[in-house]
Amino acid sequence: MNKKELETEVKRRRTFAIISHPDAGKTTITEQLLLFGGAIRQAGTVKAKKSGKFAKSDWMEIEKQRGISVTSSVMQFEYQNKRINILDTPGHEDFSEDTYRTLMAVDAAVMVVDSAKGIEEQTKKLFKVCRMRGIPIFTFMNKLDRDGREPLELIEELEEVLEIDAYPMNWPFGSGKNLLGLYDLYHNRIELHRPEEMNGGERFIPLTAEGEIEGDHKIKNESLYDQVLDEALLLKEAGNDFSKEAITKGKLTPVFFGSALTNFGVQTFLETFLEFAPEPAEQETVEEKVIEPTDEEFSGFIFKIQANMDPKHRDRIAFLRICSGQFEKGMDVTLSREDKKMRLSNSTQFMAESRETVSSAVAGDIIGLYDTGNFQIGDTIYSGKNKVTFKELPQFTPELFVKVEAKNVMKQKSFHKGINQLVQEGAIQLYKSYHAESYIIGAVGQLQFEVFQHRMRNEYNSEVVMTSIGNRIARWISQDQLDENMGSSRNVLVRDRFDNPLFLFENQFALRWFSDKYPDVELTALL
Ligand code: G4P
């Protein structure tokens, strides 16, 4: 690929994650998007994987039980001459630091909200990470075919809870059984929910600049249309201004209403999203350089490591976001952390239905590299002569903690080796109690513990015993402000792996109590 071809290829990449609270409809909408892109042929494909019906024998046990599919964690398809990469962000019990880290590898996020529920906890957490990165966020208010909350109320809640401005791109006519359609403010047209029932199958009705229906169209309940048109026009006048720049900076979220299940509003969403979704972004390095995605030298960073997908091979897959240049099978690269040269011979691209071998991929794409233990999360690899090290990925404050011990006290060596390697790799966070040498590990989701236990057994031959100490609020304290008497059973004092002290508070109450008692002490959280 010459420079010009590379530029053309990179500029048509759109890489984004879909975030939502479980059950808001992330899988359903993803599937619709894949259908539009021709990446799957039948609805239910991704879903069946999720429920385990299609589980392949070579997934690790935990994956099988939970039906997590690696192949659906990165999906690629073509639409309107754009190459789209969707990254899944697992929710529920599968929630882990990887979920957060995935957001480090995308250029935009789509937030799916259940219109009957509004903004929920897990969305809030993920949203925070998106905002920290300043990436554009697009909102899809889903399940409009069911009775939900008032659109205006949803928009207000979104703005208030997430502290972001919102701009409705369309506005529903009715809801639930009475859902007639959407007033598409952005395209100045009406999109009908069931066009076959009232407009001879024609989905879109164009409007005049004044919002009048153009031409002769049969629609039901004209008075409702008039009412919604008036409402929406008012909203356009009184609401936030539409600004592409504000969208790009993540300060304004365009809001789309629709129903993923009945495939209503999804295509409009996709097409409008593609108008505004950014191209692969430049990245800054520790060496204080800016790496342009169209630079010819290849570079990328690892944001996730998935272990043991195939127990027969005990392989791991390191997920790499390509930041510049082109990946070619068999290429020689340098692992920045160790200045080590290596050849990338085995790699894989992910699709909804199958794992395909990559022959070439460019900046913006995500590839999986088979790994035998060379990579850690956050690692940079590059092909040029000049060293490239992308900035460290942020650490996230764990919320769940367990005490961990080797079941067999005679096997301390493999226990320590396993823990140290898994911690370095970024699979889990490690803490030590302040005086005794007991180990506490922290995670943001329960799955991380299960994966940890499984990998300790399978890769390090170490059975571990974990005793939950439950949900805790972790807050760091500076060494000079620390007085060891501050610790108690309600705020356990521990050290992180860099020896920094922190408290694990039992709950908000314990945290407040502490802050009241020691008003001068500054407590900090990670992200
Ligand atoms: P998730 O990935 O965000 O967890 O959500 P998922 O797509 O699995 O959707 C959760 C449930 O909500 C599913 O129902 C799904 O069919 C339903 N759903 C998704 N989008 C819509 C929508 O636009 N309207 C309505 N009415 N329902 C929607 P389920 O009963 O849990 O699963 P299933 O048995 O239907 O597969």
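# Close-up views of a predicted model

**View 1. Two buried cysteines, C130 and C323.** C130 has 0% relative accessibility, so it counts as buried (under 20% relative accessible area; over 50% is exposed and anything in between is partly exposed, using a 1.4 Å probe and protein chains only). C323 counts as buried too, because its relative accessibility is 1%.

A quick note on the model before moving on. It is predicted, so local features need pLDDT of at least 70 and side-chain atom pairs count only at pLDDT 80 or more, while totals for chains, interfaces and linings use all residues. Residues are numbered from 1 along each chain as its sequence is written, and side-chain values use heavy atoms, with hydrogens and water left out.

**View 2. The whole chain, for orientation.** Expect 14 helices and 31 strands in the protein chain; these are DSSP runs (H or I over at least four residues for helices, E over at least two for strands), numbered from the N terminus. Of the 527 residues, 54% are buried. Take the contacts (heavy atoms within 4.5 Å) between residues at least 6 apart in sequence: 69% of them join residues at least 24 apart.

**View 3. The largest nonpolar core, with 84 residues.** A core here is a set of buried Ala, Val, Leu, Ile, Met, Phe, Trp, Tyr and Cys residues joined through side-chain atoms within 4.5 Å. The residues with the most contacts inside this one are F257, F298, F327, L344, L369, F375 and I381. At least three of its residues come from each of domain 1 (11-73 + 107-276) and domain 2 (283-382), with bounds from an automatic or database domain assignment. Apart from this core lies another, of 29 residues, including F140, A260, F276 and A277. In soluble globular proteins, nonpolar side chains tend to be buried together. Zoom in on F298 and, leaving out residues up to four places away in sequence, you'll find it touching L320, I322, S324, G325, Q326, F327, M331, V333, L344, I381, Y382 and S383.

View 4. P280 sits in the loop between α11 (266-276) and β12 (283-284). Beyond its neighbours within four places in sequence, P280 is in contact with V10, R13, D107, P293, R321, A363 and G364. I322 is 42 residues away along the chain, and its C-alpha atom is 9.4 Å from that of P280.

**View 5. The mixed sheet of 7 strands.** This open sheet has the order β2-β3-β1-β4-β5-β11-β6. β2 (74-79) and β6 (165-168) are at the edges with a single partner strand each, so one side of each has no neighbour in the sheet. From one strand to the next, the twist averages 30°. Strands count as paired if DSSP finds at least two bridges between them; β4 (108-114) and β5 (137-142) run parallel and share 6 bridges, with A109 opposite I137 in β5. Helix α7 (residues 151-162) lies across β4, β5, β6 and β11 (252-257), at about 150° to β11. Such angles run from 0 to 180 degrees between N-to-C directions, along lines fitted to C-alpha atoms (for helices, over the stretch in contact).

**View 6. The antiparallel sheet of 8 strands.** The order in this open sheet is β27-β24-β26-β25-β29-β30-β28-β31. Its edge strands, β27 (464-471) and β31 (523-524), each pair on one side only. Helix α13 (residues 446-460) packs on the sheet and touches β24 (400-406), β26 (439-443) and β27, its direction making about 170° with that of β27. Helix α14 (residues 508-517) lies across β28 (473-477), β29, β30 and β31, at about 130° to β30. β29 (491-496) and β30 (501-505) pair antiparallel over 5 bridges, and N491 stands opposite F505 in β30.

**View 7. β26, a mostly covered strand.** In β26, 5 of its 5 residues are buried. Y439, I441 and A443 point one way, I440 and G442 the other. In a regular strand the side chains alternate between the two faces of the sheet. β24 joins β26 through 5 antiparallel bridges, where K403 partners I440. β25 (429-433) joins β26 through 4 antiparallel bridges, where L430 partners I441. β25 and β26 form a hairpin, with 5 residues between them.
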